[in-house]
Amino acid sequence: MENIFEGVIGFIVVILFIIILWVVPIWLGLKWAKIKGVSKLWMLFGIHPFFGWIAFLILRYGVEPRKQCYKCKESIKMEAQICRYCGNQMSQEEINYAMKEYQDRKK
Ligand SMILES: [Zn+2]
């Protein structure tokens, strides 16, 4: 009987380990998608834990933070002075504000 008990415990530990390995990148990825202002659809890669980690690493280190153009609501680069979709010109103040907001979200 004891062996079965140990087997079950071992099985549960392995399952928990896999779940943690699977959930963590998705959780981190969603967090960073929000911080960087990019689509959360990235984390559909999390359907497989391996790709979940890759998607998270790309989001964390490989993707430039975005802001939303307040005129056309398209997502554009944080430092952009002109919206590439509608040509809206942004003042340095607006850019600084977007940058500051990004820094706050990172905390
Ligand atoms: Zn625009």
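Select residues 7-30 and then 42-63: an unreviewed UniProt entry gives both the feature "transmembrane region". Positions from UniProt are in the numbering used here, feature names are shortened, and annotations may be inferred rather than shown by experiment. Residues are numbered from 1 along each chain as its sequence is written. The model is predicted, and local features need pLDDT of at least 70, side-chain atom pairs count only at pLDDT 80 or more, while totals for chains, interfaces and linings use all residues.

Stay on residues 7-30. This span is 100% helix and 0% strand. Its end C-alpha atoms lie 35 Å apart. Now go to residues 42-63. Here the chain is 64% helix and 0% strand. The end C-alpha atoms of residues 42-63 are 11 Å apart.

Next, show the whole chain as a cartoon. How many helices and strands does the protein chain have? There are 3 helices and 2 strands. Helices (H or I, at least four residues) and strands (E, at least two) are DSSP runs, numbered from the N terminus. Follow the chain from the N terminus and the elements run α-α-β-β-α. The chain is more spread out than a compact globule, because its radius of gyration is 20 Å, well over the 13 Å that the globule rule gives for 107 residues. That radius is taken over C-alpha atoms, and the rule is 2.2 Å times the number of residues to the power 0.38. Along its principal axes, the C-alpha trace spans about 75 × 25 × 20 Å.

Now colour by domain. Domain 1 covers 1-63 and domain 2 covers 65-107. These bounds come from an automatic or database domain assignment. The C-alpha centres of the two domains lie 31 Å apart. Look for where they touch: 4 residues of domain 1 are in contact with 7 residues of domain 2. Contact means that the C-beta atoms, placed from the backbone, lie within 7 Å.

Last stop: select Lys73. Find Lys73 in the loop between strand 1 (66-68) and strand 2 (75-77). Its phi is near 70 degrees, a positive value in a residue other than glycine. Is Lys73 buried or exposed? Lys73 counts as exposed because it has 10 C-beta neighbours inside 10 Å. A residue is buried if 20 or more other C-beta atoms lie within 10 Å of its own, exposed if 12 or fewer, and partly exposed in between, with C-beta atoms placed from the backbone. Across the 107 residues of the protein chain, 16% count as buried.

How values were computed: Two residues are in contact if their C-beta atoms, placed from the backbone, lie within 7 Å.
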